[in-house]
Each structure stands twice: as C-alpha cells, then as structure tokens.
Amino acid sequence: MRKRMNRSFASRLDGWDVPHGRSSWPLAQPFAIGDVTIPNRVVQPPLAGIANWAFRAQSRRHGVGLAVSEMVSSHGVVHDNQRTNHMLDTGHDDGLVSIQLFGAHPHVMADAARRAADQGADILDINMGCPVKKVCKTGAGAAMLTDPEVGARVVAAMVAAVDIPVTVKMRRGLTPATSDPVTAARRFVDAGAAAIFFHPRTASEEYTGRADHSHTAELVAAVDVPVIASGDIDTPLEALRIVEEVGASAVAIGRPAFGNPWLFAEVLHGDRRAPSELSDVVDEIARFGADVRDALGETRGCAYMRKFYPWYLAGFDVPGAERDELMIAPTLDHAIALLRQLATQDALQPAS
Ligand SMILES: Cc1cc2nc3c(=O)[nH]c(=O)nc-3n(C[C@H](O)[C@H](O)[C@H](O)COP(=O)(O)O)c2cc1C
C-alpha cells in the first residue's frame, strides 16, 4: 500500500483550543468601513509582489471578507504605465477589493484614486507603512509618518476625489523614539479616513520581534473609526484576543497565511481546516497556479509560484533534490506534475 505524505502539526498546536459553548464566533460577524459592509472580520492585507488578483481570489475562496491589492504607484497610474494599470484590474475580483496606492502628492494620489475607483475598487487604501528606501526617499510609505500633515493632505484630496471609503495603512512610526501613532491617526481620521490598518512595528524595526498589539489597543481607544490590526496574527485564538481584548474591528493576516490559505477559514470559523495530506495541498497549489498563469502568464507565473513552494511544503519532509527540481521547473504544469509525484511517493516519511 502506498504511504501518503503527511505533515506534522506539532509546532502549531498552541492556539487551537477554541472555547466551546460560545454562542457566536466574533470573527464571523460583519463590520463596516464607511458605507461598505464587510461580511466578516478576516482581511487579507496589501502585499507587494504577492496580492495580485489570483492571490486575492484564493484568499476569498478561503473566507476573507476583504482582500487588498499589492501597493500600486500613484505616479505609475497617472503616467499610464502598463504594468501598473494591470494592477488596478478588479475584473476578476468577485468580492470586496481595496486597492492600495502609494505616493505623497495629493493631486497625483487623487487622480490615481479616481482611476482606481473607475476600475471597480470598493475601497482605497493609502500606504503609510512601507519601510523600503526606494519608496521612503520619495516621501511616500512610512516617510509620510514624519509629518502627519502631509498624510492628512493626501487623505483629504482622495476623499474629495472619490465616493468610496479611503483608509490608511500605517506602521507605529519611523522609530520607537519618534513614534506618535495616536496623533497621526487622529489627524488622518479628521481628514476623512474611514478606517486605519495598523501594524504596530515602527519602520526601523522592519519585521523584527513580535508585533506588540498593546500599541494597537491605544490606537483603538483614540479613534472612532474601525482599526484593522496587522502583525503576527497566526491562530484563531490570537485573532480572538485581538478583537476581544485589543478591541480591533478586524484582523489582517499576511505572512502566517503564506502557503497556508486555510488559516483564513480557521480564523473565520475558529476550527482547524489545514489539510495534513500533501495531495490536498497540491490540489490547492494547482488551483491557485492556474489563476496565477491567467494573471501573469507562464514565465512570470512560474517565477511567482517559486516563492510559494517552500511555504506550502513547510512541515513536509521533502528531500532536497526534489525541492531543487521544483524550483527550476520550466512550466507550472511541470511543477504540478512533480508535486503530484511527491504526494504519492512511497519512500517519503512524515516530518517529525
Ligand atoms: C512580502 C510582503 C509585502 C508587503 N507589502 C505591503 C504593501 O504593499 N503595502 C503595505 O501596506 N504593507 C505591506 N506589507 C506589510 C503587511 O501588509 C503586514 O502589515 C505585515 O506583513 C505584518 O503582518 P503579518 O505578520 O500578518 O505578515 C508587506 C509585507 C510582506 C511580508
């Protein structure tokens, strides 16, 4: 009999004991951003290089109530850059989609906002968190937190330009010593922001340590719009804590769902959904890969999927030679065939 490749969940046992006897699971309740009702409190955040329509569709299939795009350059939009325009395409989104724009010039951001709204965005988000030099040196991303007035002018210009809600996604500040997220967020809300996405690390901290959501709790107490918490929300119980104790209206889940889109449904329902058999994981990769090929074409799609294989295979004891072969597979079909072969191989042992 063939032994099928399984993975171990040993490292993920914490955070799964959802309290029994609850009459309702809060993450499954709707909430509103401006006049848009989000059907639940699980959000897929903006992710540069990741959150194209294929990724957003997958996140939605697994239950997110709102999916956000990759960050899109406002200058690219107004200069009609072809690849940038492609990022505004919401034709494949069959649920709520927010398009995130970056840029520090109110007029440019307002023009780009009009275009994104015309292309079917339900919500627009402003990037005030990106720590990358290339973005910050133009005054955009986290650099906008240096002077909240700059961000507030951008918010006001976009709010005046479109009739859909405009939100802000911000980090805590540039450095721990200079950060004052409460003052900044209040200013953005005064300028018309309908919600704040909050990642409580500063730009200088990049992704180090663990996100400290006590800062999120302070922000929630200071503004009267929904706060969507982002950062290290990796189990249903952590999501529950963020909503019930921290007071956030919703959770945004990025890296913890890379290669594990089932986490969205687990957080949404409070139970375990991730498959333990590699064959089920491969079915998911195949479905996702087909959309990726539609979105990006074979060559770019193949390169994009290479980021994902190690994430999907985490916990499976796949030998190095097979992993290497997967990473150089010339087509998506080739990669899927390799994965299917792996899933039914006799010799492979479950990871311990
Ligand atoms: C690969 C990658 C790309 C990201 N791109 C963006 C982006 O375009 N805009 C943005 O506001 N945040 C971006 N972020 C930050 C995430 O939205 C999120 O706030 C952060 O990863 C913390 O959440 P997590 O621990 O759930 O990943 C990115 C993060 C990663 C890892």
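This is a predicted model: local features need pLDDT of at least 70, side-chain atom pairs count only at pLDDT 80 or more; totals for chains, interfaces and linings use all residues.
Glu 206 sits in the loop that links β8 (196-199) to α8 (214-222). Its phi is near 45°, a positive value in a residue other than glycine. Most residues other than glycine have a negative phi.

Asp 232 likewise has a positive phi, of about 60°, although it is not a glycine. This residue belongs to the loop between β9 (227-230) and α9 (236-246). Asp 232 has 21 other C-beta atoms within 10 Å and is therefore buried, the cut-off for that class being 20 or more.

Attention now turns to strand β6. Of the 6 residues in β6 (residues 123-128), 6 are buried, so the strand is largely enclosed by the rest of the structure. In a regular strand the side chains alternate between the two faces of the sheet. In β6, Ile 123, Asp 125 and Asn 127 point one way, while Leu 124, Ile 126 and Met 128 point the other way, and all are buried.

Strand β6 pairs with two other strands, β5 and β7. With β5 (residues 97-102), the pairing is parallel and extends over 4 bridges; here Leu 124 of β6 is the bridge partner of Ile 99.

Definitions and conventions: Residues are numbered from 1 along each chain as its sequence is written. A residue is buried if 20 or more other C-beta atoms lie within 10 Å of its own, exposed if 12 or fewer, and partly exposed in between; C-beta atoms are placed from the backbone. Two strands pair if DSSP finds at least two bridges between them.
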